[in-house]
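Please keep the sequence and the coordinates at hand while reading.

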Amino acid sequence: MPAVRFTLNGKPQTVDVVPNMPLLWVLRDTLGLTGTKFGCGMALCGACTVHVNGQPMRSCATPISSIAGKTVTTIEGLSPDSTNPVQLAWIEHDVPQCGYCQSGQIMTAVALLAKTSRPTDADIDEALRNNICRCGTYDEIRRAIVRAAEIQRAQGGAK
Amino acid sequence: MTSQLKGGQLNRRSFLRTTAAAAGGLIVGFQLPETSRLSAETAALKLNAFVHVGTDDLVTLFIHKAEMGQGTVTSLSMLLAEELECDWKKIRTEFPGVDREYGPNQGVVGSASIRSSWESLRRAGAAAREMLIQAAAQRWGVDRSVCRAENNTVVNTAANTRVSYGSLAEAASKLPVPANVALKDSKDFHLIGKPTKRLDTPAKVNGSATFGIDVRLPGMLYAVIARSSVFGGKMAGLDASKARLIPGVKSVIPVPSGVAVLADNTWSAIEGRRALSIMWNDGPVASVSTRSIFQTFTERTEQPGAVARKTGDGDAALAGAAKKIEAVYAVPYLAHAPMEPLNCVAHVRPDSCEVWASTQGQTAARAEAVRITGLKPEAVQVHTEYMGGGFGRRARADYIGEAVEVSKAAGVPVKLTWTREDDMQQDWYRPASLARFAAGLDADGWPLVWTARVACTPFGGGSRTAVEGVADIAYAIPHIQVEHHAVDPGIPVSYWRSVGYSQNTFFAESFLDELAAAGGKDPLELRRRLLANSPRLLAALELAAGKAGWGRKLPPGHGLGIGLSNNIGSNTVQIAEASVERGKVRVHRVVCAVDCGQAVNPAGVEQQIKSGIVFGLSAALKGGITILQGHVVEGNFHQYDVLRIDEMPAVEVHIVPSQNPPGGIGEASTPGIAPAVANALFAATGKRIRRLPIRVQDLA
Ligand code: FES
Ligand code: FES
């Protein structure tokens with residue numbers, strides 16, 4: 001089993017596990033980063049979303065071998081102090097209920113705002129429709145994304 | 001939660017003993033502060049089972065319930081803090097262990113947390129406040145009557161000086177707990193009734209909130225269990241040789257519910273399970289399928305059943321009615337599918353057992369561990385973790401028992417994880433049900449008689465869960481007769497958000513709409529008349545109708561429909577606006593009026609109403625578990641779809657102001673949404689939906 005090297009939340013990381021082990025389980029079980037959640041294991045729910053080279057990816061369906069040399073960001077690496085505009089807006093709008101889906105929702109929203117500084121309702125639908133929330137926080141998610149975009153624009157953070 | 005150390009778990013019991021001894025017996029119930037900075041200066045002193053005050057002025061509130069998203073941590077903290085007069089910003093919360101001090105059955109079912117704690121937690125807060133005031137009065141050598149509590153301090157109103165709770169904590173903790181402290185009048189509330197932000201939000205936006213599935217212990221192995229896909233099947237033969245070859249797999253252990261595969265990570269355990277070859281004896285349920293179940297339901301309801309409610313004389317009234325209306329309604333089994341799949345961490349040692357679980361039933365969890373280990377209840381500790389949703393599923397302790405079995409057999413700490421397929425195919429389902437209605441109208445078109453025969457699998461004792469929502473309708477109809485047929489095809493069923501109301505309110509509110517149409521009455525007008533003696537429901541109905549603009553001109557193809565429920569001590573009226581657009585049912589807007597008595601946290605009420613609507617709408621538009629030869633067909637979200645963000649209607653929540661004691665809220669809005677939408681679709685299309693999930697072909 002060749003070791004896999006990648007960058008995790010800004011730091012170099014090496015893991016030595018079976019090559020087809022999904023990134024999700026490497027993060028959660030091997031590395032103890034439990035903020036990324038297991039929801040379906042089949043790329044159907046979005047709970048396990050992380051960024052790989054800045055793109056939102058379902059870590060449950062991403063073999064560790066495929067991320068060699070890449071850069072991975074998880075919810076823990078989004079900001080040191082919950083000050084990413086999306087986190088700020090999530091707190092302002094009190095989005096989470098049980099909270100279990102929220103790491104995935106937040107990572108997906110951050111990726112959306114990196115592409116689009118003024119997301120329309122249709123943009124939000126398109127980006128978030130594969131992130132399931134069983135508690136039904138969709139309304140708050142939508143409002144918080146609009147708010148996060150405002151915060152981000154005020155900070156001059158995106159195009 | 002906040003203050004539990006993960007990994008090198010500090011045993012709270014031994015820690016309590018040590019600190020108590022070290023501090024000369026003064027410190028009882030010392031707790032670790034949030035960041036685990038452990039120092040003598042931050043000692044927290046126990047005033048009672050719910051309130052500890054730290055010498056650092058932080059107040060720790062013990063939440064004896066559990067948090068599955070419904071906002072209990074926040075709303076119960078509000079009850080304590082209202083009387084305690086503490087600074088909301090200085091609150092820490094913690095889930096205590098199982099203890100008789102917290103009642104005979106700790107858990108969160110039936111939306112009962114606020115209702116059962118409404119008095120007791122305010123009393124606990126008030127008692128702690130009195131102890132602090134008493135301590136201050138003694139320190140100042142003044143009469144208690146010149147002292148008053150305010151914002152984490154006690155004020156000496158005569159001298160206009162104040163002292164912090166933190167500096168009073170030690171003296172207060174030595175005072176007796178006063179009995180019968182008077183509670184505030186509701187007009188003096190400064191916290192209860194104000195929209196309040198959730199205390200658990202910050203930890204839920206950065207990955208730091210610990211759910212059951214996130215617990216990690218040193219030396220822990222990861223387990224999954226292979227179970228019979230057919231309900232009640234038993235293992236007849238096992239070949240684990242291939243599984244043992246999977247990298248990471250440590251052992252394969254038969255347990256009562258199947259075969260456990262233990263590995264050094266979850267993935268290897270899942271891969272190991274895939275490599276097992278197991279022979280199963282399917283047993284009798286293998287002959288059961290959805291089709292056969294509904295056939296039985298249909299046949300049984302053609303005959304009279306056990307009477308669940310009888311008012312007046314249904315048969316005679318039906319015979320004499322001017323017009324008779326009959327209809328058969330049906331709903332499928334439903335899975336709970338909480339976002340966090342079931343899991344549990346257990347560590348069984350020869351003389352003790354610890355369980356870390358996201359559970360709705362702490363007392364039941366401990367009882368299950370006691371049963372399996374044979375240990376005394378005092379030797380079993382249950383650590384309550386955040387739940388990634390529960391919806392009734394986590395009221396059962398089966399998954400906790402499994403983890404205890406595996407740890408007991410393996411002799412190491414074990415985290416048992418259910419995959420989504422396990423969760424969906426081995427659930428305790430919302431039962432399938434069929435209701436056969438017959439009703440009669442009088443010569444003026446008003447309902448005279450309401451009868452129903454319900455076929456369903458009862459659980460929890462008696463027929464209540466099978467008929468609630470049909471038998472206990474609030475409508476003043478002179479003759480009501482509801483009968484029940486208990487049919488048990490061997491599919492496990494249990495509590496699912498709003499229980500019997502989840503299907504029966506759909507049946508009853510839709511059939512009432514049929515009566516309105518048959519009698520030529522407006523659905524709102526009919527309900528007004530039949531609720532003349534139910535003032536709270538009537539007020540909620542008027543509020544919803546006003547806000548929804550009942551009777552206004554709608555866009556072409558749109559319709560409005562009403563769904564009303566009174567369950568868990570709350571009254572909820574929803575009016576949905578729906579249409580069929582491009583071959584899909586579209587719910588545009590839902591107006592919900594709710595009378596839940598005193599709303600402790602109106603922001604939380606609004607969240608829960610929306611949450612319940614999304615949950616009910618998922619079921620109404622998409623939900624269905626199919627039984628085929630004794631097993632469940634659906635395995636993951638591609639087969640058991642749920643509502644998505646682009647299908648979310650605009651939801652407006654209107655709370656009826658009330659000073660009645662609080663009702664429940666977590667299950668209040670789930671029952672009413674399906675009939676509100678079905679009735680709206682009838683108004684829009686003229687087609688009556690009598691079966692869920694709603695299929696667009698039934699509307700063509
Ligand atoms: S766990 Fe990866 S998408 Fe659901
Ligand atoms: S907040 Fe519970 S699943 Fe989204």
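What follows describes a predicted model, beginning with the sheet in chain B and ending with the domains of chain A.

In chain B, 4 strands form an open sheet in the order 1-2-3-4, and their pairing is mixed. Strand 1 (44–46) and strand 4 (91–94) of chain B are the edge strands, each of which pairs on one side only. On average, neighbouring strands of this sheet are turned by 25° against each other, with direction ignored. Strand 1 of chain B runs antiparallel to strand 2 (residues 51–54) of chain B, and the two are joined by 3 bridges; B:Lys46 has B:His52 in strand 2 of chain B as its bridge partner.

| Helix of chain B | Strands of chain B touched | Angle between directions |
|---|---|---|
| Helix 2 (residues 72–84) | strand 2, strand 3 (59–62) and strand 4 | about 125° with strand 3 |
| Helix 4 (residues 165–173) | strand 1 and strand 2 | about 125° with strand 2 |

Chain A is divided into domain 1 (4–77) and domain 2 (85–154), and the C-alpha centres of these domains of chain A lie 21 Å apart. Contact between them involves 15 residues of domain 1 of chain A and 12 residues of domain 2 of chain A. About 1,100 Å² is buried between domain 1 and domain 2 of chain A, with carbon and sulfur atoms giving 59% of that area. Across this interface of chain A the rule finds 0 salt bridges, whereas 6 residue pairs, both residues at pLDDT 80 or more, are in polar contact between the two domains. On the side of domain 1 of chain A that touches domain 2 of chain A, strand 3 (49–52) and strand 4 (55–58) of chain A are the elements that give two or more residues, and strand 3 of chain A provides the largest share, 3 residues.

Conventions: Residues numbered from 1 in each chain as written. Chains lettered and ligands numbered in written order. Predicted model: local features only at pLDDT ≥ 70, side-chain atom pairs only at ≥ 80, totals over all residues. Heavy atoms only, no water. Pairing = 2+ DSSP bridges. Axes fitted to C-alpha atoms, helices over the stretch in contact; angles between N-to-C directions. Contact = heavy atoms within 4.5 Å. Domains from an automatic or database assignment. Buried area = accessible area lost by both parts, 1.4 Å probe. Salt bridge = Lys/Arg side-chain N within 4 Å of Asp/Glu carboxyl O. Polar contact = N/O pair within 3.5 Å; in protein donor to acceptor, adjacent residues only side chain to side chain.
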